Amino acid sequence: MSSATVQRRAVVIEDDDDIRGLLAVVLRQLDFDVVEAADGLSGVESVRETQPELVTLDVNMPGIDGIEACRRLREFSDAYIVMLSARTAELDRLAGLDTGADDYLTKPFSPKELQARVRALFRRSRPAPAPAEDQRVSDENTRAAAVQQSLLPGEKLRLQEFDVAGAFRPTRSVGGDFYDWYQTPDGMHLTFADAMGKGMGAALIAATVRAVMRSVADSPDIADAFASASTTITSDLDQSGSFVTMFHARLDSASGRLSYIDAGHGLALHVPAAGPARRLVSAGPPVGILEDQQWAAADLQLEPGDSLVIVSDGVLDAHDSLEAFMHNVEKAARGGGTSEDVCAALLELAPAATAEDDVTAVVVRRTASTTTDGALLH
Amino acid sequence: MQFSYEVKDSYAEVKGVGRLNMVAAPKLREVVAEVVAGGSSRVVVNLAETDFMDSSGLGALIGCLKAARQAGGDLRIAGVQPQVKMVLELTNMDRVLTAYPSAEEAFGND
C-alpha cells in the first residue's frame, strides 16, 4: 500500500515492438512502473486495471486508433496522455482538435525530449487527483485521515491545576499516530500510540488500540489493565504483521502522581520546573511483537510547574541525535505559554515541508494552585 | 535504497545501502521473503551502510524476523550505525533484535 503512494505508473500503448520497448525504458528511467500494450483495445484495458498517472498513445495502430483509444480513456481516466505520431502534419491537426490528450510528440523522438515533456506535464498542477497519486489511493487516504482524526479526544479535560493539550499533524500518506484521554474520578487516563505502517491499515489498527485501551479503563491497576489490553492487541496485530509503540498513563490530579507504562515508545520527557529534563525509559518493546510480554509500570511525581511531554518519532527523525532532540524538546517545553502553545512549538521541530511521518505531541503541565474562584495562589 | 543478498554456507546475508524508511521498507520485506523462500531461513541483515531507519524500517525488520522464525530460522542484524542503534534502544527492540559487530559473527556460535 505504501509503495502505491510513491510509485508512479505508466501505460505505453504502441504497436511497434521496438518503439514500445524504448518508451518503456525511457519512462522507467523516470521511475515509472510501466505496463506495455500492443494495441488500442488492450491498452484501454491496461489503463483500467493499473490506473496509471501517464499514458503514451500511438496515433496509428491497427484496430482502434489512438484518437478513439484516447476518447475511451477519457471516460474513466484522468491520466496525462501523450500522443505520438510519425507524421508531423497529423499531429498539427490533432493538436487543433479536442482529443483529450495533454501533449503531442513526433516520432522518432529523442528520449531526453520525452522525459522533459513528461516532467513538464507533472509540474503542471491538476486540480484533482494529485498527479503522483491515483484516485483510489487518494480516496483511501482521505478516508484513513478521517479515521485517524476521529480518534483524537473530543472532550476537553477539566482538571484542577492541570493544563493538558495535544496536537497532531498528519502526513499526506497517513500514519498510525494518535493520542486519547478521558476524565476519571481521580484525574485522567492518557494513551499516546503509534501504529507502524501507513494508510487505512495503520489507521484501523490505531482505532482498535484506542478502543481496547478504553475497554480496560475500569481495571483498578494500570499494569493489569495494560497486560489485558496488550494481549488483545497482540492477537489482533498477529494478522497484520504490524506493531504499536505506546505510552499509557493514569494521573491522580490531587497528588500529581502519574503512573505510566512505556511499551517501546521511549519519547516521553519529564521537564521539571527546576532541574534537567529526563527521558522516561521504556519498560519493554512495542506491543504486538512478542507474545507473553510484560511491561512494568513506573511512577512520576508532577510538581507545580512540571510538565510531561510526549512526542512521536516524527519529531525525533527531524534531529541528528538524541541529545539534539532532547535539547529542543526541553527548550520548547520551557518556552512559556499554555500547553497548547508548547504543542505548537513541538510540531514546529519537525517542519511540515520535510517531515516524512505524522507528527504528534501531548503536553501535561501542572500549573500553580488555584482557589475556587480561579485566582492564582502564589 | 539498494538491497543485495548473498547466500553463504550457514546463513544468507542481506545488505542495505541508504535510508531504511517508508519507501525502502517494502523492498526489504520482498528481498528477505525471497531469501527465505529460497531455503535460507537464517538471515543476517547487514546494516553497516544503512545510516537511517524510521519506524517503517523497524517494522520491516520485525516482519522479516517473524518470517524467518516461522520458517524455522532467525534474523539477526550486524554493523548497526548510531542512528539505527538509537531507534533500537528507544523502542527497546535491541532486546529482540540482537546486534552483532559483523555478519560473520551473527551466526558464529550456532
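Two strands pair if DSSP finds at least two bridges between them. Strands here are DSSP E runs of at least two residues, helices are H or I runs of at least four, and both are numbered from the N terminus.

Five strands of chain A form an open sheet, ordered β6-β15-β14-β11-β12, with antiparallel pairing. The edges belong to β6 (162-169) and β12 (278-279) of chain A. Each has a single partner strand, so one side of each is left without a neighbour in the sheet.

Some housekeeping. This is a predicted model, where local features need pLDDT of at least 70, side-chain atom pairs count only at pLDDT 80 or more, and totals for chains, interfaces and linings use all residues. Residues are numbered from 1 along each chain as its sequence is written, while chains are lettered from A and ligands numbered from 1 in the order in which they are written.

Back to the sheet. Strands β14 (residues 307-311) and β15 (residues 359-366) of chain A pair antiparallel over five bridges. In one of the pairs, I310(A) has V362(A) of β15(A) as its bridge partner. Across β6, β14 and β15 of chain A lies helix α12 (residues 339-348) of chain A. Its angle to β6(A) is about 30°. Axes are lines fitted to C-alpha atoms, for helices over the stretch in contact, and angles run from 0 to 180 degrees between N-to-C directions.

Next, a helix pair. How do α3 and α4 of chain A pack? Helix α3 (residues 40-50) meets helix α4 (residues 66-73) at about 25°, axes 10 Å apart. They are therefore roughly parallel, a label for angles under 35 degrees. From α3(A), the contact takes G40(A), G43(A), V44(A) and V47(A). From α4(A) come G66(A), E68(A), A69(A), R72(A) and L73(A). Contact means C-beta atoms, placed from the backbone, within 7 Å. By class, these residues are four nonpolar, three polar and two charged. Ala, Val, Leu, Ile, Met, Phe, Trp, Tyr, Cys and Pro count as nonpolar, Asp, Glu, Lys and Arg as charged, and the others, Gly among them, as polar.

Now the interface. Chain A gives 25 residues to the contact and chain B gives 18. On the chain A side, α1 (2-6) and α10 (313-317) each give two or more. The largest share, three residues, is from α1(A).

Last, confidence. Chain B has a mean pLDDT of 91; pLDDT is the predictor's confidence in each residue, from 0 to 100. The model scores ipTM 0.76 and pTM 0.66.

Note on methods. Parallel < 35°, antiparallel > 145°, perpendicular 65-115°, else oblique. Contact = placed C-beta atoms within 7 Å.
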